[in-house]
Amino acid sequence: QTCYANVAGCPEVPPPDPGNRNYCGVSWKDANSQCGQSCYGGTDGECSTPGQKCWADASACLVVSPPSVPMSLRGGAESDTQMMLDAENIANEKQDQFIG
């Protein structure tokens, strides 16, 4: 099936996110020279080092891709942690069946 542009009933597909160059630092110059921790969302809260803020357009740094969507937001398991616990429980049950 093919969907053509400007046809009623075809969903709008957003262009892929090109990423950004948001990085943590005590200043833009620090973030741009260190290219350490990225802060894709653009918030200071993403920076784990005290005193650092999120700075945009650190041109010397690599482009950061958007974070992957957690399973919990994809309509799957309640959370990624819960999914791993469920998998571990299933493995343990299978091992118990094999041993017992």
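Which cysteine does a disulfide join to cysteine 35? In this predicted model, the partner is cysteine 61, with an S to S distance of 2.0 Å.

**View A. The disulfide between cysteine 35 and cysteine 61.** Cysteine 35 lies in the loop between helix 1 and strand 2, whereas cysteine 61 belongs to the loop between strand 2 and helix 2 (80-99), so the bond ties together parts of the chain that are 26 residues apart in sequence. The torsion about the S-S bond is about -85 degrees, and the disulfide is therefore left-handed. The two partners may also be described by their accessibility: cysteine 35 counts as partly exposed because its relative accessibility is 27%, a value between the 20% and 50% cut-offs, while cysteine 61 is buried, with a relative accessible area of 3%.

**View B. The disulfide between cysteine 24 and cysteine 47.** The sulfur atoms of cysteine 24 and cysteine 47 are 2.1 Å apart. This pair links distant parts of the chain, 23 residues apart, with cysteine 24 in strand 1 and cysteine 47 in the loop between helix 1 (28-34) and strand 2 (53-55). Because the torsion about the S-S bond is about -90 degrees, this disulfide is left-handed. Both cysteine 24 and cysteine 47 are buried.

**View C. The disulfide between cysteine 39 and cysteine 54.** Here the sulfur atoms lie 2.0 Å apart, and the torsion about the S-S bond of about 90 degrees makes the disulfide right-handed. Cysteine 39 is found in the loop between helix 1 and strand 2 and cysteine 54 in strand 2 itself, so that the bond ties together parts that are 15 residues apart in sequence. Cysteine 39 is buried, with a relative accessible area of 0%, and cysteine 54, at 14% relative accessibility, counts as buried because this value is under 20%. A search of the whole structure finds three disulfides.

**View D. The surroundings of asparagine 22.** Asparagine 22 lies in the segment before strand 1 (23-25) and is buried, with a relative accessible area of 10%. The side chain of asparagine 22 reaches the backbone oxygen of tyrosine 40 at 3.3 Å. When its neighbours within four places in sequence are left aside, the residues in contact with asparagine 22 include Cys39 and Cys54, which are the two cysteines joined in View C. Also among its contacts are Ser38, Gly42, Trp55, Ala56, Asp57 and Val64.

Definitions and conventions: Residues are numbered from 1 along each chain as its sequence is written. This is a predicted model: local features need pLDDT of at least 70, side-chain atom pairs count only at pLDDT 80 or more; totals for chains, interfaces and linings use all residues. Side-chain values use heavy atoms; hydrogens and water are left out. Helices (H or I, at least four residues) and strands (E, at least two) are DSSP runs, numbered from the N terminus. Buried means under 20% relative accessible area, exposed over 50%, partly exposed in between (1.4 Å probe, protein chains only). A polar contact is a pair of N or O atoms within 3.5 Å; within protein, one must be able to donate a hydrogen and the other to accept it, and residues adjacent in sequence count only if both atoms are side-chain atoms. Contact means heavy atoms within 4.5 Å. A disulfide is a pair of cysteine sulfur atoms within 2.5 Å.
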